[in-house]
Amino acid sequence: MSLRIGDTVPNFAARTTQGMMRLSDFRGRWLIFFSHPADFTPVCTSEFMAIAAAAGRFEALGCSLLGHSVDSLFSHLAWIRAIRDDLGVVVPFPIVEDPTLEIARAFGMVHADVRHAASVRAVYYINPDGVLMATTFYPIGVGRSVDEMLRTLAALVRTHDGTVMTPEGWQPGDAVLSPPEFTADAVFAASGPTSWFYRKSGEA
């Protein structure tokens, strides 16, 4: 079954390019756990270069990065060395191997009966308590936007305490929205720019 927003994500232990890790090692911080279809492929390489270049921006939001694919650890290691040697980019975050598809199945990236995960390009935004807050899936031929990953993360961090909401196209520093009050008095009292369903807050 696919994970749903609000679910506690399944823990796992696996080999990564930075040694054995458990997903629970990241508790206490935001985590973006993202999967790519295959090493040594053009779209995935472009994504990893861009995510690596933006690693400091994710860190500034208190977020760790964890890559994943069903390729072996040896493939991961050869790929990140090729990215460094041929393209001059160091991948600073770990990448999980998953040759048995155990993790892919546990996260609902693939159907339980599938024998390969070549089409998986998933992103899971996990809060410091290990709860899934947002997720996106892309087909094999469409690369992710790192700017949108950062924007989504910033919005999740900003709204995490439940006191504000972010409107369409929100960017860090923009005005946020106040949650509506669910009483008849609040509905009838609101008017004009302080409409009950669109109460803008000046606080960014």
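Begin by selecting residues 42–53, which form helix 1, a run of 12 residues that reaches 17 Å from its first C-alpha to its last, close to the 16 Å expected at 1.5 Å a residue. That expected span is 1.5 Å times one less than the number of residues, and helices (H or I, at least four residues) and strands (E, at least two) are DSSP runs numbered from the N terminus. The structure is a predicted model, in which local features need pLDDT of at least 70 and side-chain atom pairs count only at pLDDT 80 or more, while totals for chains, interfaces and linings use all residues. Residues are numbered from 1 along each chain as its sequence is written, and side-chain values use heavy atoms, with hydrogens and water left out.

Within helix 1, now show Cys44, Thr45, Glu47, Phe48, Ile51 and Ala52, which are buried, meaning that they have under 20% relative accessible area, where exposed is over 50% and partly exposed lies in between (1.4 Å probe, protein chains only). These residues cover an arc of only 160° around the axis, which puts them on the same side of helix 1; the arc is that of the directions from the helix axis to the C-beta atoms. An α-helix has 3.6 residues a turn, so residues three or four places apart point the same way. Turn to the other side of helix 1 and you will find Pro42 and Ala53 exposed.

Next, select Val9, Pro10, Asn11, Leu23, Ser24, Phe26, Arg27, Arg29, Leu31, Ile126, Asn127 and Gly130, which line the largest cavity. On a 1 Å grid over the protein atoms alone, a cavity is a set of points where a 1.4 Å probe fits but cannot get out, a pocket is an open set with protein on both sides within 12 Å along at least five of seven lines, and lining residues have an atom within 4 Å of a point. About 70 Å³ of space lies in this cavity.

Move on to the largest pocket, which holds about 160 Å³ of space. Of the 13 residues that line this pocket, Ala13, Ala14, Asp98, Glu102 and Ile103 are the closest to its centre. Helix 4 gives the most to the lining, with three residues.

Methods:
Grid points are joined across faces, edges and corners, and a volume is the space filled by probe spheres set on the points.
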